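I opened the notebook to look up a few places in this structure. My entries follow the order in which I looked.

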Amino acid sequence: MAKSQQIFSQNSAAPLDEILLENVTLKMFGRDPVLQSVNIQLPTDQTLVVESSNPQNAVCFLHFIAGRMICDSGQILWNGANPFAADSYVCMDQWLSSYFENHFADRKKTVSETFNVIQASLESYDLIEQFEFKDIQNKKISDLSYELQKTIFLIQKIAQPAQVLVLEDPAMGLSETLWLQVLDLMNYQQRRGHLRHVYMTNHHPTALRHLAFNKIFIEDGLIYFDENAGYKKASHF
């Protein structure tokens, strides 16, 4: 059995304790590399906000973390194995959940129909009640505002019993009330042992005041930590 199969298939509930970038070069056509030969162990068991002077680079990095983009060289290792390798039989739904702005989810179902699919995994957490969606529960998602549609799609992703959660600008376009309710659901899932590692971008001016987080910066093909006295290079070690 290949190593990437073995580590994950022996125990699908095994904790994910290490995410390592091994000599990763990540490029987009016609642009400077997002990452260039980077070796780094990513911070885990926390919420990590990814920033860059080029916001597309931060989003590109999230796509790579979520397995939606292949690096030009190197690999990403979870517990020492590449879950996105061709010979991997990992069921990623058990490990990772992600929300991106350009995804196309099912908008034909009603709010109630959508929530019924995920409600069973949330035990005593009543989505309709917690989000005060009783007045819209019988409406199709396509008939709702962008803000409500995005909130519902975020709920779908956060409600998954995954260990890694990847979010592109989750607070953008949401009122403070809805954002706090989304965070409440996230906290509920974390208390249940899910969503241990959260990686996100953020362009909402005040969203982070409600969130405990750390930051990394992606610049010039490298990854930097944000510390008290400027930026400390955190790659090539």
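I began with histidine 204, which is buried at a relative accessible area of 18%. Buried means under 20% relative accessible area, exposed over 50% and partly exposed in between, with a 1.4 Å probe and protein chains only.

Before going on, I noted that this is a predicted model, where local features need pLDDT of at least 70, side-chain atom pairs count only at pLDDT 80 or more, and totals for chains, interfaces and linings use all residues. Residues are numbered from 1 along each chain as its sequence is written, and side-chain values use heavy atoms, leaving out hydrogens and water.

I placed histidine 204 in the loop between strand S7 (197–200) and strand S8 (214–219). Helices (H or I, at least four residues) and strands (E, at least two) are DSSP runs, numbered from the N terminus. What does histidine 204 touch, not counting residues up to four places away in sequence? I found Ala171, Met172 and Leu174. Contact means heavy atoms within 4.5 Å.

Next I looked up leucine 178, in helix H6 (residues 176–191). Leucine 178 counts as buried, at 8% relative accessibility. Leaving out residues up to four places away in sequence, leucine 178 touches Phe131, Phe133, Glu147, Leu148 and Thr151. I also checked glutamate 147: from leucine 178 it is 31 residues apart in sequence and 8.8 Å apart in space, C-alpha to C-alpha.

Last, I turned to helix H2 (residues 55–65). In H2, nine of the eleven residues are buried, including Cys60, Phe61 and Leu62. Just after H2, I saw that glycine 67 takes a positive phi of about 80°.
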